[in-house]
Amino acid sequence: MSAAEGPLVVGVDTSTQSTKALVVDAATGEIVASGQAPHAVSTGAGRESDPRRWWDALVQALAQCGEAAHEAAAVSIGGQQHGLVTLDAQGDPVRPALLWNDVRSAPHARRLVGELGGPKAWAERTGSVPGASFTVTKWAWLSEHEPEAVRATQAVRLPHDYLTERLTGRGTTDRGDASGTGWWATGTEAYDEEILARVGLDPALLPRVVRPGEVAGTVRDSHDLPFSKGTLVAPGTGDNAAAALGLGLRSGVPVMSLGTSGTVYAVSQRRPADPTGTVAGFADARGDWLPLACTLNCTLAVDRVAALLGLDREAVEPGTGVTLLPYLDGERTPDLPNASGLLHGLRHDTTAGQLLQSAYDGAVHSLLGALDRVLDTDADASAPLLLIGGGARGRAWQETVRRLSGRPVQIPEARELVALGAAAQAAGLLTGEDPAAVARRWNTAAGPVLEAVDRDEATLSRIAGVLSDAAPLLERGTDPR
Ligand SMILES: Nc1ncnc2c1ncn2[C@@H]1O[C@H](COP(=O)(O)OP(=O)(O)O)[C@@H](O)[C@H]1O
Ligand SMILES: O=C(CO)[C@@H](O)[C@H](O)COP(=O)(O)O
(Lines give C-alpha, C1' and ligand atoms only; values in the text may rest on other atoms or scores of the structure.)
(Ligands and ions follow the chains in the order given, each with its own letter.)
Protein backbone atom coordinates (compact mmCIF):
# COMPACT_ATOMS: atom_id res chain seq x y z
CA MET A 1 0.00 0.00 0.00
CA SER A 2 1.16 3.55 -0.68
CA ALA A 3 1.66 6.11 2.10
CA ALA A 4 -0.66 8.55 0.32
CA GLU A 5 -2.99 10.75 2.40
CA GLY A 6 -5.94 10.48 0.07
CA PRO A 7 -7.20 8.16 -2.64
CA LEU A 8 -4.96 7.81 -5.68
CA VAL A 9 -6.06 8.99 -9.11
CA VAL A 10 -4.52 8.56 -12.54
CA GLY A 11 -4.20 11.40 -15.08
CA VAL A 12 -3.14 10.69 -18.66
CA ASP A 13 -1.85 12.98 -21.43
CA THR A 14 -1.97 11.27 -24.80
CA SER A 15 -0.31 13.91 -26.96
CA THR A 16 1.19 13.92 -30.43
CA GLN A 17 4.55 12.40 -29.61
CA SER A 18 3.87 10.26 -26.54
CA THR A 19 1.49 9.14 -23.82
CA LYS A 20 2.29 10.14 -20.25
CA ALA A 21 0.59 8.82 -17.11
CA LEU A 22 0.75 10.16 -13.54
CA VAL A 23 -0.50 8.53 -10.35
CA VAL A 24 -1.42 11.38 -8.02
CA ASP A 25 -2.45 11.60 -4.36
CA ALA A 26 -5.87 13.30 -4.58
CA ALA A 27 -5.42 14.88 -1.14
CA THR A 28 -2.06 16.58 -1.72
CA GLY A 29 -1.34 16.52 -5.45
CA GLU A 30 1.88 14.62 -4.81
CA ILE A 31 2.97 12.63 -7.86
CA VAL A 32 3.39 9.10 -6.56
CA ALA A 33 4.46 7.48 -9.83
CA SER A 34 4.80 8.33 -13.51
CA GLY A 35 5.39 6.70 -16.88
CA GLN A 36 5.78 7.69 -20.52
CA ALA A 37 5.90 5.82 -23.84
CA PRO A 38 6.30 7.24 -27.37
CA HIS A 39 4.11 6.83 -30.44
CA ALA A 40 4.98 7.36 -34.07
CA VAL A 41 3.55 10.01 -36.39
CA SER A 42 3.96 9.76 -40.14
CA THR A 43 6.08 12.38 -41.90
CA GLY A 44 5.59 14.03 -45.30
CA ALA A 45 2.37 15.43 -46.66
CA GLY A 46 0.00 13.92 -44.10
CA ARG A 47 0.28 13.44 -40.34
CA GLU A 48 -1.23 10.16 -39.26
CA SER A 49 -0.92 7.93 -36.22
CA ASP A 50 -2.35 4.49 -35.36
CA PRO A 51 -4.75 4.78 -32.39
CA ARG A 52 -3.93 1.21 -31.34
CA ARG A 53 -0.36 2.36 -30.64
CA TRP A 54 -1.76 5.07 -28.30
CA TRP A 55 -3.40 2.26 -26.33
CA ASP A 56 -0.12 0.27 -26.30
CA ALA A 57 1.69 3.41 -25.09
CA LEU A 58 -0.93 3.88 -22.34
CA VAL A 59 -0.43 0.28 -21.20
CA GLN A 60 3.36 0.77 -21.14
CA ALA A 61 3.18 4.13 -19.34
CA LEU A 62 0.88 2.66 -16.68
CA ALA A 63 3.12 -0.40 -16.28
CA GLN A 64 6.00 2.00 -15.50
CA CYS A 65 3.85 3.42 -12.66
CA GLY A 66 4.11 0.07 -10.86
CA GLU A 67 1.95 -0.90 -7.89
CA ALA A 68 0.59 2.61 -7.31
CA ALA A 69 -1.54 2.46 -10.46
CA HIS A 70 -3.35 -0.63 -9.06
CA GLU A 71 -4.70 1.51 -6.22
CA ALA A 72 -6.28 4.17 -8.46
CA ALA A 73 -9.87 5.02 -7.56
CA ALA A 74 -10.50 7.14 -10.67
CA VAL A 75 -8.83 7.85 -14.01
CA SER A 76 -9.11 10.56 -16.67
CA ILE A 77 -7.59 10.99 -20.11
CA GLY A 78 -6.54 14.28 -21.72
CA GLY A 79 -5.45 14.11 -25.34
CA GLN A 80 -4.28 15.89 -28.47
CA GLN A 81 -7.25 17.77 -29.94
CA HIS A 82 -9.03 17.46 -33.29
CA GLY A 83 -7.68 14.06 -34.50
CA LEU A 84 -10.13 12.08 -36.64
CA VAL A 85 -10.43 8.50 -35.37
CA THR A 86 -12.64 6.29 -37.54
CA LEU A 87 -13.77 2.94 -36.08
CA ASP A 88 -15.48 -0.09 -37.60
CA ALA A 89 -18.32 -2.10 -36.05
CA GLN A 90 -15.82 -3.96 -33.82
CA GLY A 91 -14.37 -0.70 -32.52
CA ASP A 92 -11.14 -1.16 -34.50
CA PRO A 93 -9.60 1.72 -36.46
CA VAL A 94 -10.62 1.70 -40.13
CA ARG A 95 -7.36 3.53 -40.94
CA PRO A 96 -4.76 5.60 -39.01
CA ALA A 97 -6.07 8.77 -37.35
CA LEU A 98 -5.65 12.08 -39.20
CA LEU A 99 -3.96 14.39 -36.70
CA TRP A 100 -4.39 18.10 -35.85
CA ASN A 101 -1.19 19.03 -37.75
CA ASP A 102 -2.17 17.32 -41.02
CA VAL A 103 -2.77 20.21 -43.44
CA ARG A 104 -4.11 18.22 -46.40
CA SER A 105 -7.68 19.33 -45.68
CA ALA A 106 -6.90 23.06 -46.13
CA PRO A 107 -8.87 23.25 -49.42
CA HIS A 108 -11.82 21.49 -47.76
CA ALA A 109 -11.71 23.98 -44.91
CA ARG A 110 -11.89 26.90 -47.36
CA ARG A 111 -14.74 25.25 -49.25
CA LEU A 112 -16.76 24.52 -46.11
CA VAL A 113 -16.33 28.06 -44.78
CA GLY A 114 -17.61 29.43 -48.09
CA GLU A 115 -20.53 26.98 -48.33
CA LEU A 116 -21.90 27.70 -44.87
CA GLY A 117 -22.12 31.47 -44.68
CA GLY A 118 -18.47 32.55 -44.44
CA PRO A 119 -16.06 33.09 -41.52
CA LYS A 120 -18.35 35.25 -39.35
CA ALA A 121 -21.23 32.77 -39.54
CA TRP A 122 -18.91 29.86 -38.61
CA ALA A 123 -17.39 31.77 -35.71
CA GLU A 124 -20.83 32.63 -34.33
CA ARG A 125 -22.11 29.12 -34.82
CA THR A 126 -19.20 26.91 -33.71
CA GLY A 127 -16.90 29.44 -31.99
CA SER A 128 -14.24 28.96 -34.69
CA VAL A 129 -13.55 29.42 -38.36
CA PRO A 130 -12.39 25.89 -39.19
CA GLY A 131 -8.93 25.51 -40.68
CA ALA A 132 -7.19 22.28 -41.69
CA SER A 133 -6.76 21.23 -38.04
CA PHE A 134 -10.48 20.87 -37.38
CA THR A 135 -12.03 17.40 -37.46
CA VAL A 136 -14.86 18.43 -39.79
CA THR A 137 -12.39 19.33 -42.55
CA LYS A 138 -10.57 15.99 -42.08
CA TRP A 139 -13.85 14.11 -42.50
CA ALA A 140 -14.46 16.11 -45.72
CA TRP A 141 -10.95 15.18 -46.92
CA LEU A 142 -11.55 11.50 -46.14
CA SER A 143 -14.91 11.53 -47.92
CA GLU A 144 -13.24 12.82 -51.08
CA HIS A 145 -10.06 10.73 -51.01
CA GLU A 146 -11.10 7.48 -49.30
CA PRO A 147 -14.87 6.98 -49.67
CA GLU A 148 -14.44 3.28 -48.87
CA ALA A 149 -12.99 4.21 -45.44
CA VAL A 150 -15.96 6.50 -44.83
CA ARG A 151 -18.38 3.70 -45.78
CA ALA A 152 -16.65 1.31 -43.36
CA THR A 153 -16.83 3.81 -40.47
CA GLN A 154 -19.36 2.97 -37.74
CA ALA A 155 -18.09 5.42 -35.10
CA VAL A 156 -16.16 8.71 -35.20
CA ARG A 157 -14.05 9.65 -32.18
CA LEU A 158 -11.39 12.10 -30.99
CA PRO A 159 -8.12 10.75 -29.54
CA HIS A 160 -9.18 11.05 -25.89
CA ASP A 161 -12.60 9.53 -26.69
CA TYR A 162 -10.94 6.50 -28.27
CA LEU A 163 -8.91 5.64 -25.17
CA THR A 164 -11.77 6.45 -22.77
CA GLU A 165 -14.08 4.15 -24.75
CA ARG A 166 -11.56 1.32 -24.61
CA LEU A 167 -11.66 1.70 -20.82
CA THR A 168 -15.43 1.97 -20.37
CA GLY A 169 -17.00 0.38 -23.45
CA ARG A 170 -19.06 3.57 -23.92
CA GLY A 171 -18.72 6.18 -26.66
CA THR A 172 -18.31 9.50 -24.83
CA THR A 173 -16.60 12.85 -25.25
CA ASP A 174 -16.69 16.21 -23.43
CA ARG A 175 -17.54 19.81 -24.37
CA GLY A 176 -13.87 20.91 -24.41
CA ASP A 177 -12.77 18.45 -27.07
CA ALA A 178 -16.13 18.49 -28.92
CA SER A 179 -15.63 22.23 -29.46
CA GLY A 180 -12.57 21.50 -31.62
CA THR A 181 -14.44 19.36 -34.11
CA GLY A 182 -16.23 22.10 -36.09
CA TRP A 183 -19.53 20.19 -35.78
CA TRP A 184 -20.43 21.24 -32.22
CA ALA A 185 -22.39 24.49 -31.83
CA THR A 186 -21.19 26.68 -28.97
CA GLY A 187 -24.53 28.52 -28.67
CA THR A 188 -26.62 25.39 -28.10
CA GLU A 189 -23.81 23.15 -26.78
CA ALA A 190 -25.04 20.38 -29.09
CA TYR A 191 -23.95 18.76 -32.34
CA ASP A 192 -24.84 20.96 -35.32
CA GLU A 193 -26.98 18.74 -37.54
CA GLU A 194 -26.82 21.07 -40.55
CA ILE A 195 -23.02 21.01 -40.59
CA LEU A 196 -23.05 17.23 -40.14
CA ALA A 197 -25.52 16.84 -43.01
CA ARG A 198 -23.33 19.08 -45.19
CA VAL A 199 -20.35 16.74 -44.73
CA GLY A 200 -22.45 13.56 -44.82
CA LEU A 201 -21.75 12.45 -41.27
CA ASP A 202 -24.56 10.63 -39.43
CA PRO A 203 -24.85 12.09 -35.87
CA ALA A 204 -25.50 8.53 -34.63
CA LEU A 205 -21.78 7.83 -35.27
CA LEU A 206 -20.73 10.47 -32.74
CA PRO A 207 -20.09 10.00 -29.01
CA ARG A 208 -22.36 11.34 -26.26
CA VAL A 209 -21.08 14.61 -24.79
CA VAL A 210 -20.90 14.06 -21.01
CA ARG A 211 -21.27 17.09 -18.75
CA PRO A 212 -18.42 18.46 -16.59
CA GLY A 213 -18.41 16.53 -13.30
CA GLU A 214 -20.38 13.62 -14.76
CA VAL A 215 -18.96 10.09 -14.70
CA ALA A 216 -18.15 8.89 -18.24
CA GLY A 217 -18.28 5.25 -17.13
CA THR A 218 -16.34 2.66 -15.20
CA VAL A 219 -13.49 0.38 -16.21
CA ARG A 220 -15.31 -2.56 -17.82
CA ASP A 221 -12.60 -5.15 -17.25
CA SER A 222 -8.99 -4.86 -16.27
CA HIS A 223 -7.75 -5.59 -19.84
CA ASP A 224 -3.97 -5.36 -19.81
CA LEU A 225 -4.17 -2.37 -17.44
CA PRO A 226 -3.60 -2.17 -13.69
CA PHE A 227 -7.12 -0.89 -12.92
CA SER A 228 -9.80 -2.90 -11.13
CA LYS A 229 -13.14 -3.43 -12.82
CA GLY A 230 -15.48 -0.63 -11.73
CA THR A 231 -12.79 2.08 -11.34
CA LEU A 232 -14.41 5.45 -12.10
CA VAL A 233 -13.59 7.06 -15.44
CA ALA A 234 -13.93 10.85 -15.77
CA PRO A 235 -14.95 12.58 -19.04
CA GLY A 236 -11.38 13.58 -19.97
CA THR A 237 -10.88 16.47 -22.40
CA GLY A 238 -8.57 18.01 -25.00
CA ASP A 239 -4.99 18.59 -23.91
CA ASN A 240 -5.18 22.40 -23.72
CA ALA A 241 -8.40 22.31 -21.68
CA ALA A 242 -6.75 19.69 -19.45
CA ALA A 243 -3.70 21.93 -18.90
CA ALA A 244 -6.06 24.80 -17.98
CA LEU A 245 -7.57 22.52 -15.33
CA GLY A 246 -4.08 21.43 -14.27
CA LEU A 247 -3.07 25.06 -13.66
CA GLY A 248 -6.31 25.82 -11.78
CA LEU A 249 -6.53 28.65 -14.30
CA ARG A 250 -8.60 31.73 -13.41
CA SER A 251 -10.21 33.99 -16.04
CA GLY A 252 -7.91 36.42 -17.81
CA VAL A 253 -4.59 34.75 -16.89
CA PRO A 254 -2.67 34.06 -20.12
CA VAL A 255 -0.95 30.75 -20.81
CA MET A 256 1.63 29.95 -23.47
CA SER A 257 2.32 26.26 -24.08
CA LEU A 258 5.49 25.29 -25.96
CA GLY A 259 5.30 21.69 -27.17
CA THR A 260 4.74 19.93 -30.47
CA SER A 261 2.12 22.64 -30.96
CA GLY A 262 2.52 26.16 -29.62
CA THR A 263 -0.62 27.55 -28.01
CA VAL A 264 -1.75 30.72 -26.24
CA TYR A 265 -5.03 30.76 -24.35
CA ALA A 266 -6.99 32.02 -21.37
CA VAL A 267 -10.22 31.10 -19.60
CA SER A 268 -13.12 33.45 -20.34
CA GLN A 269 -16.74 33.70 -19.27
CA ARG A 270 -17.62 35.10 -22.71
CA ARG A 271 -18.36 32.75 -25.59
CA PRO A 272 -15.67 33.56 -28.19
CA ALA A 273 -16.44 34.20 -31.87
CA ASP A 274 -13.41 35.60 -33.72
CA PRO A 275 -14.36 36.08 -37.40
CA THR A 276 -10.68 36.42 -38.41
CA GLY A 277 -10.19 32.77 -37.46
CA THR A 278 -7.02 33.50 -35.47
CA VAL A 279 -8.69 32.51 -32.21
CA ALA A 280 -10.45 29.17 -31.90
CA GLY A 281 -13.43 29.57 -29.56
CA PHE A 282 -13.08 26.36 -27.61
CA ALA A 283 -15.14 25.39 -24.59
CA ASP A 284 -13.18 24.54 -21.48
CA ALA A 285 -13.75 21.39 -19.42
CA ARG A 286 -15.75 23.15 -16.68
CA GLY A 287 -18.48 25.25 -18.27
CA ASP A 288 -16.51 28.34 -19.31
CA TRP A 289 -14.66 29.08 -22.55
CA LEU A 290 -11.08 28.72 -23.71
CA PRO A 291 -10.23 31.12 -26.56
CA LEU A 292 -6.99 29.75 -28.01
CA ALA A 293 -4.56 30.26 -30.87
CA CYS A 294 -2.30 27.44 -32.03
CA THR A 295 0.81 27.16 -34.18
CA LEU A 296 1.99 24.05 -36.00
CA ASN A 297 5.68 24.94 -35.67
CA CYS A 298 7.03 25.20 -32.17
CA THR A 299 9.62 23.06 -30.35
CA LEU A 300 10.12 20.55 -33.17
CA ALA A 301 10.76 23.29 -35.74
CA VAL A 302 13.28 25.11 -33.54
CA ASP A 303 15.00 21.84 -32.59
CA ARG A 304 15.21 21.02 -36.31
CA VAL A 305 16.94 24.34 -37.02
CA ALA A 306 19.38 23.68 -34.16
CA ALA A 307 20.09 20.21 -35.58
CA LEU A 308 20.67 21.61 -39.09
CA LEU A 309 23.14 24.10 -37.61
CA GLY A 310 24.78 21.39 -35.49
CA LEU A 311 24.05 23.42 -32.34
CA ASP A 312 22.70 22.62 -28.91
CA ARG A 313 19.22 24.15 -28.58
CA GLU A 314 20.53 26.59 -25.96
CA ALA A 315 23.46 27.87 -28.10
CA VAL A 316 21.71 31.10 -29.14
CA GLU A 317 23.41 34.45 -29.71
CA PRO A 318 21.64 37.83 -29.77
CA GLY A 319 20.16 38.44 -33.23
CA THR A 320 21.16 41.20 -35.64
CA GLY A 321 18.46 41.55 -38.22
CA VAL A 322 18.06 37.97 -39.43
CA THR A 323 14.46 36.85 -39.76
CA LEU A 324 13.49 33.18 -39.84
CA LEU A 325 9.84 32.24 -40.27
CA PRO A 326 10.04 28.59 -39.11
CA TYR A 327 6.96 27.28 -40.95
CA LEU A 328 8.47 23.85 -41.66
CA ASP A 329 5.07 22.13 -41.43
CA GLY A 330 2.98 24.81 -43.13
CA GLU A 331 1.35 27.10 -40.57
CA ARG A 332 -2.00 27.62 -38.87
CA THR A 333 -1.27 30.94 -37.07
CA PRO A 334 -0.84 32.85 -39.32
CA ASP A 335 -3.11 30.88 -41.67
CA LEU A 336 -0.57 29.66 -44.24
CA PRO A 337 -1.11 25.89 -44.65
CA ASN A 338 1.12 25.69 -47.75
CA ALA A 339 4.00 27.73 -46.36
CA SER A 340 7.52 26.45 -45.75
CA GLY A 341 10.36 28.00 -43.75
CA LEU A 342 11.71 31.35 -44.92
CA LEU A 343 15.00 33.06 -44.10
CA HIS A 344 15.72 36.75 -44.71
CA GLY A 345 18.59 39.09 -43.85
CA LEU A 346 21.52 36.65 -43.97
CA ARG A 347 24.98 38.36 -44.04
CA HIS A 348 28.64 37.22 -44.04
CA ASP A 349 28.89 38.02 -40.36
CA THR A 350 25.66 36.27 -39.30
CA THR A 351 26.56 33.53 -36.81
CA ALA A 352 24.91 30.13 -36.40
CA GLY A 353 23.81 31.14 -32.90
CA GLN A 354 22.05 34.23 -34.30
CA LEU A 355 20.29 32.09 -36.89
CA LEU A 356 19.09 29.80 -34.12
CA GLN A 357 17.85 32.77 -32.08
CA SER A 358 15.90 33.96 -35.12
CA ALA A 359 14.07 30.60 -35.23
CA TYR A 360 12.97 31.07 -31.58
CA ASP A 361 11.95 34.67 -32.38
CA GLY A 362 9.88 33.56 -35.38
CA ALA A 363 8.08 30.83 -33.43
CA VAL A 364 7.27 33.11 -30.48
CA HIS A 365 6.23 36.02 -32.72
CA SER A 366 3.37 33.93 -34.17
CA LEU A 367 2.02 33.13 -30.70
CA LEU A 368 2.37 36.63 -29.28
CA GLY A 369 0.62 38.10 -32.32
CA ALA A 370 -2.48 36.18 -31.22
CA LEU A 371 -2.25 36.82 -27.48
CA ASP A 372 -4.16 40.11 -27.43
CA ARG A 373 -7.01 38.52 -29.38
CA VAL A 374 -7.18 35.61 -26.93
CA LEU A 375 -7.48 37.86 -23.89
CA ASP A 376 -10.66 39.74 -23.01
CA THR A 377 -10.21 43.51 -23.44
CA ASP A 378 -10.49 44.01 -19.66
CA ALA A 379 -7.78 41.42 -18.83
CA ASP A 380 -4.91 42.69 -16.66
CA ALA A 381 -2.08 43.46 -19.12
CA SER A 382 0.57 43.07 -16.42
CA ALA A 383 -0.50 39.55 -15.31
CA PRO A 384 2.38 37.08 -15.67
CA LEU A 385 2.29 34.82 -18.69
CA LEU A 386 2.28 31.19 -17.50
CA LEU A 387 4.81 29.27 -19.60
CA ILE A 388 4.25 25.50 -19.83
CA GLY A 389 5.01 22.49 -22.09
CA GLY A 390 8.36 20.83 -22.77
CA GLY A 391 9.87 24.03 -24.22
CA ALA A 392 9.21 25.96 -21.01
CA ARG A 393 12.17 24.05 -19.52
CA GLY A 394 14.54 25.69 -21.99
CA ARG A 395 16.37 28.89 -21.10
CA ALA A 396 16.37 30.15 -24.70
CA TRP A 397 12.57 29.73 -24.92
CA GLN A 398 12.06 31.47 -21.56
CA GLU A 399 14.24 34.44 -22.46
CA THR A 400 12.75 34.81 -25.95
CA VAL A 401 9.19 34.88 -24.56
CA ARG A 402 10.21 37.35 -21.87
CA ARG A 403 11.96 39.73 -24.33
CA LEU A 404 9.26 39.62 -27.02
CA SER A 405 6.21 39.72 -24.70
CA GLY A 406 7.39 42.46 -22.31
CA ARG A 407 5.44 40.62 -19.58
CA PRO A 408 6.56 38.85 -16.43
CA VAL A 409 6.87 35.13 -17.21
CA GLN A 410 5.98 32.51 -14.62
CA ILE A 411 7.28 28.97 -15.08
CA PRO A 412 5.29 26.44 -13.05
CA GLU A 413 7.54 23.80 -11.53
CA ALA A 414 4.95 21.09 -12.21
CA ARG A 415 5.91 19.55 -15.51
CA GLU A 416 3.04 17.49 -16.82
CA LEU A 417 0.16 19.94 -16.57
CA VAL A 418 -2.09 18.11 -19.04
CA ALA A 419 -1.82 14.85 -17.10
CA LEU A 420 -2.14 16.76 -13.81
CA GLY A 421 -5.32 18.43 -15.11
CA ALA A 422 -6.73 15.04 -16.04
CA ALA A 423 -5.79 13.80 -12.55
CA ALA A 424 -7.53 16.83 -11.00
CA GLN A 425 -10.65 15.99 -13.02
CA ALA A 426 -10.53 12.40 -11.74
CA ALA A 427 -10.04 13.67 -8.16
CA GLY A 428 -12.99 16.04 -8.57
CA LEU A 429 -15.15 13.07 -9.48
CA LEU A 430 -14.30 11.44 -6.15
CA THR A 431 -14.66 14.54 -3.95
CA GLY A 432 -17.32 16.51 -5.83
CA GLU A 433 -14.92 19.49 -6.10
CA ASP A 434 -14.35 21.72 -9.12
CA PRO A 435 -11.19 20.24 -10.77
CA ALA A 436 -9.62 23.70 -11.09
CA ALA A 437 -10.08 24.18 -7.34
CA VAL A 438 -8.43 20.79 -6.81
CA ALA A 439 -5.41 21.95 -8.85
CA ARG A 440 -5.23 25.23 -6.91
CA ARG A 441 -5.24 23.21 -3.68
CA TRP A 442 -2.37 21.19 -5.15
CA ASN A 443 -0.55 24.49 -5.92
CA THR A 444 0.39 23.31 -9.40
CA ALA A 445 1.06 26.77 -10.89
CA ALA A 446 3.75 27.62 -8.33
CA GLY A 447 7.12 28.42 -9.84
CA PRO A 448 9.68 31.15 -10.42
CA VAL A 449 8.65 34.44 -12.05
CA LEU A 450 11.02 36.19 -14.46
CA GLU A 451 10.45 39.93 -14.15
CA ALA A 452 9.24 41.86 -17.17
CA VAL A 453 11.78 43.54 -19.47
CA ASP A 454 11.09 46.16 -22.16
CA ARG A 455 9.40 44.57 -25.13
CA ASP A 456 11.72 44.16 -28.13
CA GLU A 457 9.48 46.09 -30.53
CA ALA A 458 12.19 46.34 -33.21
CA THR A 459 12.38 42.56 -33.63
CA LEU A 460 8.58 42.16 -33.58
CA SER A 461 8.05 44.77 -36.28
CA ARG A 462 10.91 43.42 -38.43
CA ILE A 463 9.34 39.93 -38.37
CA ALA A 464 5.87 41.37 -39.07
CA GLY A 465 7.32 43.29 -42.05
CA VAL A 466 9.00 40.21 -43.58
CA LEU A 467 5.82 38.20 -43.04
CA SER A 468 3.71 40.76 -44.80
CA ASP A 469 6.14 41.29 -47.71
CA ALA A 470 6.59 37.55 -48.22
CA ALA A 471 2.86 36.73 -48.08
CA PRO A 472 2.49 35.71 -51.77
CA LEU A 473 5.49 33.36 -51.52
CA LEU A 474 4.27 31.84 -48.27
CA GLU A 475 0.74 31.34 -49.58
CA ARG A 476 2.00 29.63 -52.73
CA GLY A 477 4.15 27.02 -50.98
CA THR A 478 7.10 25.23 -52.51
CA ASP A 479 6.18 21.64 -53.19
CA PRO A 480 3.23 19.62 -54.44
CA ARG A 481 2.19 18.44 -50.93
N1 LIG B 1 14.89 21.20 -21.48
C2 LIG B 1 14.25 21.52 -22.60
N3 LIG B 1 14.51 22.67 -23.23
C4 LIG B 1 13.87 23.02 -24.37
N5 LIG B 1 12.96 22.25 -24.98
C6 LIG B 1 12.66 21.08 -24.41
C7 LIG B 1 13.27 20.65 -23.20
N8 LIG B 1 12.75 19.45 -22.88
C9 LIG B 1 11.87 19.14 -23.86
N10 LIG B 1 11.82 20.12 -24.77
C11 LIG B 1 10.97 20.18 -25.98
O12 LIG B 1 9.67 19.85 -25.61
C13 LIG B 1 9.03 19.15 -26.66
C14 LIG B 1 7.98 18.23 -26.07
O15 LIG B 1 7.08 19.02 -25.36
P16 LIG B 1 5.74 18.41 -24.79
O17 LIG B 1 4.98 19.54 -24.20
O18 LIG B 1 6.07 17.24 -23.92
O19 LIG B 1 5.12 17.86 -26.15
P20 LIG B 1 3.65 17.52 -26.59
O21 LIG B 1 3.12 18.80 -27.14
O22 LIG B 1 3.78 16.48 -27.65
O23 LIG B 1 2.94 17.08 -25.35
C24 LIG B 1 10.11 18.44 -27.43
O25 LIG B 1 9.82 18.56 -28.81
C26 LIG B 1 11.39 19.20 -27.05
O27 LIG B 1 11.84 19.95 -28.14
O1 LIG C 1 -4.41 21.54 -32.29
C2 LIG C 1 -4.14 21.89 -31.15
C3 LIG C 1 -4.96 22.89 -30.43
O4 LIG C 1 -5.98 23.42 -31.22
C5 LIG C 1 -2.94 21.27 -30.48
O6 LIG C 1 -2.59 21.95 -29.30
C7 LIG C 1 -3.17 19.79 -30.26
O8 LIG C 1 -4.09 19.62 -29.20
C9 LIG C 1 -1.88 19.01 -30.09
O10 LIG C 1 -1.24 19.22 -28.90
P11 LIG C 1 0.22 18.74 -28.43
O12 LIG C 1 0.46 17.38 -28.91
O13 LIG C 1 1.19 19.77 -28.88
O14 LIG C 1 0.10 18.78 -26.93
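1. Asn-443 counts as partly exposed because 14 C-beta neighbours lie inside 10 Å of it, where 20 or more other C-beta atoms within 10 Å of a residue's own make it buried, 12 or fewer make it exposed, and partly exposed is in between, with C-beta atoms placed from the backbone. Although Asn-443 is not a glycine, its phi is positive, about 60 degrees, and its place is the loop between helix 14 (435-442) and strand 24; helices (H or I, at least four residues) and strands (E, at least two) are DSSP runs numbered from the N terminus.

2. The model is a predicted one, in which local features need pLDDT of at least 70 and side-chain atom pairs count only at pLDDT 80 or more, while totals for chains, interfaces and linings use all residues. Residues are numbered from 1 along each chain as its sequence is written, and chains are lettered from A and ligands numbered from 1 in the order in which they are written. The protein has a mean pLDDT (the predictor's confidence in each residue, from 0 to 100) of 96, with 99% of its residues at 70 or more, and the model scores are ipTM 0.98 and pTM 0.97.

3. Two other backbone details deserve a check. Most residues other than glycine have a negative phi, and most peptide bonds are trans. His-82, which is not a glycine, has a positive phi of about 75 degrees and belongs to the loop between strand 5 (72-79) and strand 6 (85-87); because it has 29 C-beta neighbours inside 10 Å, His-82 counts as buried. The peptide bond from Thr-333 to Pro-334 is cis, with omega near 0 degrees, and Pro-334 is found in the loop between strand 20 (323-325) and strand 21 (342-344).

4. Seven strands make up an open sheet with mixed pairing, in the order 18-19-17-16-22-23-24, pairing being assigned if DSSP finds at least two bridges between two strands. Strand 18 (280-283) and strand 24 (449-450) each have a single partner strand and stand at the edges, so one side of each is left without a neighbour in the sheet.

5. Within this sheet, strand 16 (residues 255-258) pairs with strand 22 (residues 385-388) in the parallel sense over three bridges, and Ser-257 is opposite Ile-388 of strand 22. Strand 16 also runs antiparallel to strand 17, joined by four bridges, with Met-256 having Val-264 as its bridge partner, and three residues separate strand 16 and strand 17 in a hairpin. Strand 17 is in turn joined to strand 19 by four bridges in the antiparallel sense, where Thr-263 stands opposite Cys-294.

6. In a regular strand the side chains alternate between the two faces of the sheet.

7. The shell around ligand 1 consists of 16 residues, the closest being Ser-15, Gly-259, Thr-299, Gly-390 and Gly-394, with membership requiring a C-beta atom, placed from the backbone, within 6 Å. Helix 10 (residues 299-309) contributes the most to this shell, with three residues. For ligand 2 there are 17 surrounding residues, of which the closest are Ser-15, Thr-16, Gln-81, Trp-100 and Ser-261.

8. Helix 6 (residues 159-168) is mostly covered, with eight of its 10 residues buried, including His-160, Tyr-162 and Leu-167. Gly-169, which follows helix 6, has a positive phi near 80 degrees.
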